[in-house]
Amino acid sequence: MALFSIKDVFIVTGASSGIGKAVALKLIEEGAKVVAIGRNEEKLNELKFDCINSEHCFIEKADLCEHLSDMSLFLQDLKEKYGKFTGLAYCAGAILLKPASATSYDEGLNLFNINYFAPVMMLKSFCDKRICIGRGASAVAVASADAFLREKGLCIYSGTKAALQASFSTIAKEVAPRGMRVNTVSPSDIKTPMTMNGSMQELRLDREKLYPFGYGEPEDVAELVVFLLSQKAKWITGHDYIVDCATF
């Protein structure tokens with residue numbers, strides 16, 4: 001039996017590739033409709049083509065950092081087009097591999113805008129009763145195990161993800177009386193275009209021996225995200241879940 005119905009509409013950010021794409025595909029497979037947000041329209045169209053039911057996938061090309069000061073209006077516009085939202089899966093993100101001594105303020109601010117301020121502002125706006133369904137609504141953000149692994153060169157990145165975990169769990173307490181749930185998931189090394197290219201690939205290869213089951217796939221994370229978004233997890237809120245098989 002499917003987890004959702006066509007009345008359930010979810011926002012998925014970072015839907016053009018990696019974990020975001022896997023989450024969007026899984027939600028649609030489970031019967032929901034998805035508003036897929038990303039910056040790459042070509043890849044969003046590929047997502048729509050790959051869907052089991054393309055009529056349930058709605059593409060929105062957008063750079064969320066351009067909406068930091070007007071996120072409520074951005075989501076209000078989406079609500080007018082698609083109706084009130086059942087859930088939010090924030091999967092967009094960026095990474096920066098640099099020692100602290102070589103990192104500039106502008107680089108740090110840009111990463112915090114993408115990985116922290118955008119999801120927090122979106123969650124704040126999503127929880128408005130004019131935008132989400134209210135009781136029964138659920139939000140999940142993809143954080144990272146690097147928030148506590150604290151590898152060299154990931155000073156800012158680890159900070160953005162630790163801050164994201166903290167703020168989402170705090171907001172979970174604020175919206176729980178209204179029947180809304182908020183959680184995060186923190187994957188370790190997952191094979192995505194962002195984590196398996198360039199200098200990040202070298203870091204991941206150094207940790208390959210830690211994983212007895214090999215690196216994770218985007219679908220491994222998507223399964224947990226979709227579960228947390230569903231009513232199967234109706235008694236779970238305010239938590240961070242590590243997606244990992246590493247023998248640290």
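User: Which residues form a nonpolar patch on the surface?
Analyst: Tyr-105, Leu-109 and Phe-117 form that patch, and together they have about 320 Å² of accessible area. Patches are made of residues with over 30% relative accessible area and no salt bridge, with like charges joined within 9 Å and nonpolar side chains (Val, Leu, Ile, Met, Phe, Trp, Tyr) within 5 Å. The areas come from the Shrake-Rupley method with a 1.4 Å probe, and for residues only the protein chains shown count as cover. Please keep in mind that this is a predicted model, in which local features need pLDDT of at least 70 and side-chain atom pairs count only at pLDDT 80 or more, while totals for chains, interfaces and linings use all residues. Residues are numbered from 1 along each chain as its sequence is written, and side-chain values use heavy atoms, with hydrogens and water left out.

User: Where does Leu-109 lie, and what is its relative accessible area?
Analyst: Leu-109 lies in helix α4, and its relative accessible area of 33% makes it partly exposed. Buried means under 20% relative accessible area, exposed means over 50%, and partly exposed is in between (1.4 Å probe, protein chains only). Helices (H or I, at least four residues) and strands (E, at least two) are DSSP runs, numbered from the N terminus.

User: OK, and where does α4 bend?
Analyst: Helix α4 bends by about 45° at Asn-113, where the bend is the angle between axes fitted to the seven residues ending there and the seven starting there. The 22 residues of α4 (residues 105-126) should span 32 Å, and the end C-alpha atoms are 29 Å apart, which agrees. That expected span is 1.5 Å times one less than the number of residues in the helix.

User: Switching topic, how many residues has the largest nonpolar core?
Analyst: The largest nonpolar core has 35 residues, and among those with the most contacts inside it are Ile-37, Phe-74, Met-122 and Phe-126. Elements that give two or more residues to this core include β1 (9-13), α3 (71-82), α4 and α6 (155-175), and the largest share, 6 residues, comes from α4. A nonpolar core is a set of buried Ala, Val, Leu, Ile, Met, Phe, Trp, Tyr and Cys residues joined through side-chain atoms within 4.5 Å.

User: What about salt bridges, how many are there?
Analyst: The count comes to 9 salt bridges, each being a side-chain nitrogen of Lys or Arg within 4 Å of a carboxyl oxygen of Asp or Glu. In one of them, Lys-98 pairs with Glu-107, with the closest N and O atoms 2.6 Å apart. Lys-98 is partly exposed at 29% relative accessibility, and Glu-107 is partly exposed at 25%.

User: Which parts does the pair Glu-217 and Lys-191 tie together?
Analyst: The side chains of Glu-217 and Lys-191 meet in a salt bridge at 2.9 Å, N to O. Glu-217 lies in the loop between α7 (198-206) and α8 (218-229), and Lys-191 in the loop between β6 (181-187) and α7, so the pair ties together parts that are 26 residues apart in sequence. Salt bridges that share partners also join Lys-26, Glu-29, Glu-30 and Glu-223 into one network.

User: Is Lys-26 buried or exposed?
Analyst: Lys-26 counts as buried, at 13% relative accessibility, whereas Glu-29 is partly exposed at 48%. Their side chains meet in a salt bridge at 3.6 Å, N to O, and the two are about one helical turn apart because they are 3 residues apart in helix α1 (residues 18-29).
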